[in-house]
Amino acid sequence: MKPGDIVTLLPFIALTLSAVIVMLAGTFHTSHRLTVGLTLGGLAWTGAMLAVTATRGGRQVTDLLLLDDYTLFFIGLLVLTTAGVVLISYGYLEAREEHPHDYYTLLLLATLGGIALVASTHFASFFLGLEVLSVSLYTLIAYPRSRASFIEAGVKYLILAAATAAFLLFGMALVYAELGTMSLNALATLHITGGGAAETSLLIGGFALIIVGIGFKLGVVPFHMWTPDIYQGAPAPVTAFVATVSKGAMVALLLRYFRQVSITPHETVWIIFAAIAAASMIAGNLLALLQANVKRLLAYSSIAHLGYILVAFLAVGRTAAVAVTFYLVAYFVTTLGAFGVVAELSGPTGAEAEELDDYRGLAARRPFLAATLAIALFSLAGIPLTAGFIGKFYVVDAGAGSRLWWLLIVLVASSTIGLFYYTRVVVAMYVRQPVELPEGSPATPLAAPTGRTIGAVLATVTALVFVLGVYPSPLIRLLEHVVAGLP
Amino acid sequence: MILVALLAWPFVAGIVAWVAGRRRPEAARWVSALAMAAGLVAVIVEWVLKAPDFDLAGHGPFVASVHAAWIPQLGISFFLAADGFSLLMVALCYAIGLLAVLSSWREVTVRVGFFHFMLLWTIAALVGVFTALDLFLFYFLFEMMLVPMYFLIAIWGHERRVYAAVKFFLFTQIGGLLMLVAILALYVIHGRQTGVYTFDYLRLLGTHLSLTTATWLMLGFFAAFAVKLPAVPLHTWLPDAHTQAPTAGSLVLAALLIKIGAYGMIRFMVPLFPHAAFHAAPVFMGLAVLGILYGAVLAFAQRDLKRLVAYTSVSHMGFVLLAIFAWNTLALQGAVLEIVCHAFSTGALFAIVGLMQERLHTRDMDKMGGLWLTAPGLGAMALVFALASLGLPVLGNFVAEFLILIGTWPVSEPATVLAAFGLVAATVYSLWIVQRVFQGRETPAAVMPDLTLREAGMLAAMAAPLLWLGVYPQPILNTVRPGLDALQRVAVRTTPAPTSAAGAAAALLRTGERSPGSAAPTSEEPR
């Protein structure tokens, strides 16, 4: 490692130090506001360090990390998203938790894991990033003690994620035993040239186990079982984090190497991924239809959305890479909006506003939140004027460019089903009358003022949904530049 | 620029109406009504001023156009242009918008500001749909319109409004998405052939396609437009949506929304895939005839007055579909006239049903009868529009359907004969309405006040164009003629493989409205 590499690694160092500072501050001072301020300051500092790193151009730091424009873009995206989650968490924790300080330390650590994942070029950094992310998440999910379901969800996630990590590790070991390298780049090139890598059963088994691990993290069918339980059981801000940062980091990593492997269509691996994509779209949308719980509904919808992203994955060409990244950005923005509303609606008593009944007549009680959620849902459904529309358009464009007609037909049919359950929530908010709620229910029937911080986050996010939906050109230009470095 | 103004105007007015409506509901109504009236005046002025241009040889059919880069990376531009046909549709949008505002003056009492916001945004998107010549922009607006329309039905509709709204949304959405796939396929194919990736309609016109590919892509477009039109068997959303929507919603649906289907076929589907369209024409003409007869039979079987009127739309739109696939000057002019006349005649019938429901709180014809006694004015108006609907000479619908039948005869004699039976069926169901509701034995429960001045004025305003078009349709025909002629040069009915001729005609179309300097923004990156 050269001394100059320290400069390149500044974003990582900044984020790590921020986590330490927030943790120490928690022991001395007990103001929630200060902790949040420090956390945001740390994230801003990390963001500023990105600019420093960017001036040095794309760099490989040791065998483990690569910081090119692509990585830097995703670090920026993850850091910004985390900032959004922090702001959403503020009001949520303020109302229900006496000692929220370590929550923010964990959030920063989880983000550190996410950005390490994005930057990784080696099995070691890949696994390390993934574990830092996962271990932080176990605790984050179970953090607020106000409700038993949080702990239940945390334990569930712990068991499943640990099992998956074991799969992943075993897969990596098999691949290493066969090929003698742990560098992802080397693996990808080996696979292309077929340089001595005969497809032994060990190798196939190794890759299959790795796919299981990745599939779990993405929450695609058939590795999706945890998604609805965790989404429902976790506190709403943490759910937002799981849906965005945790999944997005994995998509970013996958996009880099999956494309490098340049699998030709209709090869076995391609067919497996096509089947996963189709199954995710169909199962996600169909199962979402059955949900009366908004968080579970969003969980199933996220399974379907990962399916849409996979369609763009399977397409070739630069358009496809832009499609994936654009869709991801649109999905991040939209998801933050949706879960932000869920978090804000959840009352101080520890219950979560998640049943469809909690949303009945919301438009009359809290028009701002209802409008935000409706716009987010329309964006998820891919209705024009929203970011989700451009994202879906891009995905279909990429698919059409590679003649993936069957996948596109599945996408069309399943996203029409999607529309059905999104509109159910909208109908509940705008058409139905509120049910008579017992005293102290999560969604207070009275109009309550929306918290100032979360109001600002939701307004920003909603504005972004519109800006990306009406004038996506600047972002597309940036993304084209960012993915230009990909093979 | 007039087109941008016409498109943006209802968007802005909608927001103003919403804000104004928060304080005083009346303000929202006045803002909306005045905005629609002002827009209507602007379109008519534009029309009158540009009317002489329609006849100029070599000018091209477009009287106004706007072209600006929007998402240049994908070859998407903000491209609006209007020929006589588009301008007519825009005028219709504003006219119907005004009538919709007037018709809901008393009916809508809750969330008035929000209602007018949704209504005006629907109108705005419709204006855009009828002028967009970039396929992405067209699709964008086509889909965008769904949301406000969905809210109009779901919030202010009748008993089964949620069911109807969702059904409407789903049908239209799946059709739209299939069209999106077809649009993108055309975009990719055109890009591969020429190296120019663009959604510009005028550039895509001459794309070479094999018959199989063209047929598949055409079916994608057909899915979207046939749902809208609606063509049997994709019509089942229509009676529900029309019946459950509030009067303003039914009016916009019947008069404008379903016309997108006809407009889209004439403007996009047939010209883009002429070979495939004419190859499959017999099938579509069969569907059209089926729609005419089936719609009429179903209309006759209804007890719910509003549902009856909704089914007559299915029948009338069958005539339009027939005319589109006959694809000659007479038939197409007939189709355009039918679009306009149906907007007023059926729109007025929906308005009348709405007025009766306000008064009687029912749409069940069994509970009506002898209403002429207490409400002769309403009865007389209903009679006028029923007669228009059955195609009585002197009223516009007669001219339209007559032109369609004449135009269809040389193409398919059996289809013409069968379609003519639709006129007979129309006579039956139209007179049936008048007979059961206004004549016959008086029902004691059904006593209602007659028309107010606002209502009478509104209905008279809808009867006037019908009378005008029935007596002297020539101005409309002159307006739309150049545009329709240009489209017929692109898609020539008689020659089976018109690709080269289409290319030449497309070039001709292009020279007309585009100044030489402004090339379309295109993305030329390798894919």
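Two residues count as in contact here if their C-beta atoms, placed from the backbone, lie within 7 Å. Keep that in mind as we walk through this predicted model, starting with a pair of helices in chain B.

Look at helix α2 (residues 25-50) of chain B and helix α3 (residues 84-103) of chain B, whose axes come within 9 Å and cross at roughly 155°. That angle makes α2(B) roughly antiparallel to α3(B), because anything over 145 degrees gets that label. The crossing of α2(B) and α3(B) is left-handed. From α2(B), the residues that meet α3(B) are B:R29, B:S32, B:A33, B:M36, B:A37, B:G39, B:L40, B:V43, B:I44, B:E46 and B:W47. Facing them from α3(B) are B:L87, B:V90, B:A91, B:Y94, B:A95, B:G97, B:L98, B:V101 and B:L102. By type, the residues of this contact of α2(B) with α3(B) split into 15 nonpolar, three polar and two charged. If you're wondering about the spacing in those lists, an α-helix has 3.6 residues a turn, so residues three or four places apart point the same way.

Now slide over to another pair in this chain. Helix α1 (residues 2-23) of chain B packs against helix α4 (residues 112-129) of chain B at an angle of about 175°, and their axes are 7 Å apart. So α1(B) is roughly antiparallel to α4(B). On the α1(B) side, the residues that meet α4(B) include B:L6, B:L7, B:P10, B:F11 and B:W18; among their counterparts in α4(B) are B:F114, B:F117, B:L120, B:W121 and B:I123. The residues of the contact of α1(B) with α4(B) come out as 17 nonpolar, five polar and one charged.

For a helix that is mostly covered, go to α11 (residues 247-257) of chain B, where 11 of its 11 residues are buried. The buried residues of α11(B) include B:T247, B:S250, B:L253 and B:L257.

Step back and take in chain B as a whole. There are 22 helices and two strands in chain B. Its C-alpha atoms fill a box of roughly 75 × 55 × 45 Å along the principal axes. What radius of gyration would a compact globule with 527 residues have? It would be near 24 Å, and chain B has 22 Å, which agrees. Of the 527 residues of chain B, 63% count as buried. Take the contacts in chain B between residues at least 6 apart in sequence: 81% of them join residues at least 24 apart.

Next, hop across to chain A and find A:I303, which sits in helix α13 (residues 294-314) of chain A. Is A:I303 buried or exposed? It counts as buried, because it has 25 C-beta neighbours inside 10 Å, and 20 or more is enough. Setting aside neighbours within four places in sequence, A:I303 is in contact with A:G219, A:V220, A:V221, A:H224, A:T227, A:S280, A:A283 and A:G284. As for A:T335, it is 32 residues from A:I303 in sequence and 13 Å away in space, C-alpha to C-alpha.

Finally, see where the two chains touch. The contact draws on 25 residues from chain A and 24 residues from chain B. On the chain A side, α17 (387-401), α18 (405-430) and α20 (473-483) each supply at least two residues. Of these, α18(A) gives the most, with nine residues. The residues of the side of chain A that touches chain B divide into 15 nonpolar, seven polar and three charged.

Technical notes. Residues numbered from 1 in each chain as written. Chains lettered and ligands numbered in written order. Predicted model: local features only at pLDDT ≥ 70, side-chain atom pairs only at ≥ 80, totals over all residues. Helix = DSSP H or I, 4+ residues; strand = E, 2+ residues; numbered from the N terminus. Nonpolar A, V, L, I, M, F, W, Y, C, P; charged D, E, K, R; others polar. Buried ≥ 20, exposed ≤ 12 C-beta atoms within 10 Å, placed from the backbone. Axes fitted to C-alpha atoms, helices over the stretch in contact; angles between N-to-C directions. Parallel < 35°, antiparallel > 145°, perpendicular 65-115°, else oblique. Left-handed = near helix turned anticlockwise from the far one by under 90°. Rg over C-alpha atoms; globule rule 2.2 N^0.38 Å.
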